[in-house]
Amino acid sequence: MGAKPRLGVFKFSSCDGCQLSLLDCEDELLAIVGAIDIAYFPEATRADDTGHYDIALVEGSVTTLHEAKIIHSIRERSTRLITIGACATSGGIQALKNGADVAEFISAVYAHPDYIATLDSATPIKDHVPVDYELRGCPIAKHQLIELIAATLAGRWPRTPPHATCMECKRAGHVCVMVAQGTPCLGPVTHAGCGALCPGYARGCYGCFGPKENANTAALAARLAEDGATGRDIRRLFSTYNANAPAFRQEAQRHG
Amino acid sequence: MSGSGDPARVVIDANGIDTLIAILAKRGYEVLGPVRRDGAIVHEPIASTDDLPRGWIDEQRGGHYRLKQEGDAYFAYTVGPSSWKRVLHPPRQPLWRSEIRDGEVAIEAASVDTQRRALIGVRACELAAIAVQDRVFLEGPYQDRHYAARRAGLFIVAVNCGRAVETCFCVSMDTGPEARAGFDIALTEIANGRFVATAGSDDGAARLAELPTRPAEPSELDAAAAAIETAAGQMTRTLETEGLPDLLTSNPDHPRWDDVAQRCLNCANCTMVCPTCFCTDVEEVNDLDGGGAARVQQWASCFTTDFTYLHGGGAVRDSVRSRYRQWMTHKLATWHDQFGTSGCVGCGRCIAWCPVGIDITEEAAAMRGARGGG
């Protein structure tokens, strides 16, 4: 077997939760460390960012001018650049500022607005550089991260199916919260990966993994409206962690 | 039939069913039955009739399922979201594992599940669904050894329906509401926690003989027949099956496919809850250290693009229109060519558990140009 692949973990505008999913691997962590060389990971090691990476995991959105520049350097030095989480793949919750009055937000939130240097929008990494693979989620699912690493080591394409969360929900044996309780749920339009965590606790899906393939958001919104949801309710449902993902953003815009 | 009733039909009460559950458990069966959980009736291990959803009934229509309390019957609910497919053909099934030992790849098949199970409360439509899956998994050129092992260990206690909901259409599929075959014991609930019981197999007869029963009175047989007639009479939804396969296969460009594609979420719920949908795919699970790997089979759905993805060519059925058409045409038309039967048993799960309430009977009627559904 050749040298271990060199891994870098990079943070942009984000909460660090997706990076922590790597440390969360606990039982598998020793095997991961045995199989790959974690060369740069500020959450876990002191090493500096130097040289070439076989795999770069990028968390967070591009929200500052500095980030918009540094992502190009990381891309140039990485064989595979993989975005992890809702911020890196769609812009994250901070993309709620896109199209709004950012100066007003800053003055409302910060005591010294003049200390804040930010772009007017939060954008996914793929808007700036080519991305080889993306892991969805807010945060990403540990089992998908392990699958990504295992598949990369085995030399095959990772398996992170883009179908509806409903398939995971039904396989898990959860009772549909929408049909049996009338709870609004984004499961039918949301990318699988979390294992239908919220419906398993009798909550509707919040759409943390963003739009699934062929997401028919209009049909779901029509159904929610029949059940009494207002335009504002529907807009808010689609405007959370993946507010800037095109399918969700467009559906939110259709409701006001 | 003599004046003292039909000796093959006996009356049993809840204590008798408790005895049956105890006998089956003692004989090594895991006893599964209906329980109320998270607002629905699902199948889980039960220890006695105390676990059954007595006094609970369901209301169902397109995209809607609710439980409510009414009466004191044990089995007045109809069918819930989980079919017995979950037991016989589970969502995830390991197939094999491979290891590299001394430079050689060694493959070990996953062992089959030999646990014997007793299913309590299987409805006529569900017996029909099991018969359909038997054809798929056992009667073709290839047998599914995992299904075969689970199937061989079953003891089935059927329950004849005394009530139907809006989504039921077993009468038009000729599968119910009375269980005709494929059970060990069949029960029809009459009143006050009493049941008319009949054996459908030698095993069933032997177990029934061990229980406290008495021959059914003619009035009790009448009550049992009336209960089944009530269920049949309550069924308003129909699927006109005459000429249906030809209708579907000769209309691949019918505008109705575009219409349903507008409404369909392609979420795959219909295929997950369908008691006959059998499609699976396999995923590879690699060990992080060393060359070990496992193949795991899991429920798949023709509503995903991955399902028809061909290496180098993308998805064959990349539109929602083509995927709904595939599902419905297979279920109601080409299933006949493949397995000599319809793939639909009229349980109505795909209607109730579709989040937007798409109704296969209404779609079929629309293709025919008639007003559909119930």
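Ala, Val, Leu, Ile, Met, Phe, Trp, Tyr, Cys and Pro count as nonpolar here, Asp, Glu, Lys and Arg as charged, and the others, Gly among them, as polar. Keep that colouring to hand for the tour.

What you have open is a predicted model, in which local features need pLDDT of at least 70 and side-chain atom pairs count only at pLDDT 80 or more, while totals for chains, interfaces and linings use all residues; side-chain values use heavy atoms, with hydrogens and water left out. Residues are numbered from 1 along each chain as its sequence is written, and chains are lettered from A, ligands numbered from 1, in the order in which they are written.

**Stop 1: the cavities in the model**

By the rule used here, there are 6 cavities of 30 Å³ or more. A cavity is a set of points on a 1 Å grid over the protein atoms alone where a 1.4 Å probe fits but cannot get out, and lining residues have an atom within 4 Å of a point. Grid points are joined across faces, edges and corners, and a volume is the space filled by probe spheres set on the points.

Go to the largest cavity, which holds about 130 Å³ of space. Select B:Cys264, B:Cys270, B:Tyr324, B:Cys354 and B:Ile358: of the 16 lining residues, these are the closest to its centre. Helices α10 (269-273) and α11 of chain B are the elements that each give two or more residues to this lining. By class, the lining has 14 nonpolar, 2 polar and no charged residues.

**Stop 2: around α11(B)**

Helices (H or I, at least four residues) and strands (E, at least two) are DSSP runs, numbered from the N terminus. Now show α9 (residues 255-263) and α11 (residues 320-339) of chain B, whose axes come within 8 Å and cross at roughly 110 degrees. That makes α9(B) roughly perpendicular to α11(B). Axes are lines fitted to C-alpha atoms, for helices over the stretch in contact, and angles run from 0 to 180 degrees between N-to-C directions; 65 to 115 degrees counts as roughly perpendicular, under 35 as roughly parallel, over 145 as roughly antiparallel and the rest as oblique.

For the contact itself (heavy atoms within 4.5 Å), pick B:Trp257, B:Asp258, B:Val260 and B:Ala261 in α9(B); their counterparts in α11(B) include B:Tyr324 and B:Met328.

**Stop 3: a sheet in chain B**

Strands pair if DSSP finds at least two bridges between them. Select the open sheet of 4 strands, ordered β7-β6-β14-β13 (chain B), with antiparallel pairing. Its edges are β7 (104-109) and β13 (280-286), each pairing on one side only. Then zoom in on β13(B) and β14 (residues 293-299), joined by 7 bridges; B:Glu283 has B:Val296 as its bridge partner.

**Stop 4: over to chain A**

Which order do the 5 strands of the open sheet in chain A follow? Trace β2-β1-β3-β4-β5, with parallel pairing. β2 (37-40) and β5 (133-135) stand at the edges with a single partner strand each, so one side of each has no neighbour in the sheet. The twist averages 30 degrees from one strand to the next.

Between β4 (residues 78-84) and β5 of chain A there are 3 bridges, and A:Ile82 partners A:Tyr133. Finish with helix α3 (residues 65-76) of chain A, which packs on the sheet and touches β1 (6-11), β3 (53-59) and β4.

Key: On a 1 Å grid over the protein atoms alone, a cavity is a set of points where a 1.4 Å probe fits but cannot get out, and a pocket is an open set with protein on both sides within 12 Å along at least five of seven lines; lining residues have an atom within 4 Å of a point.
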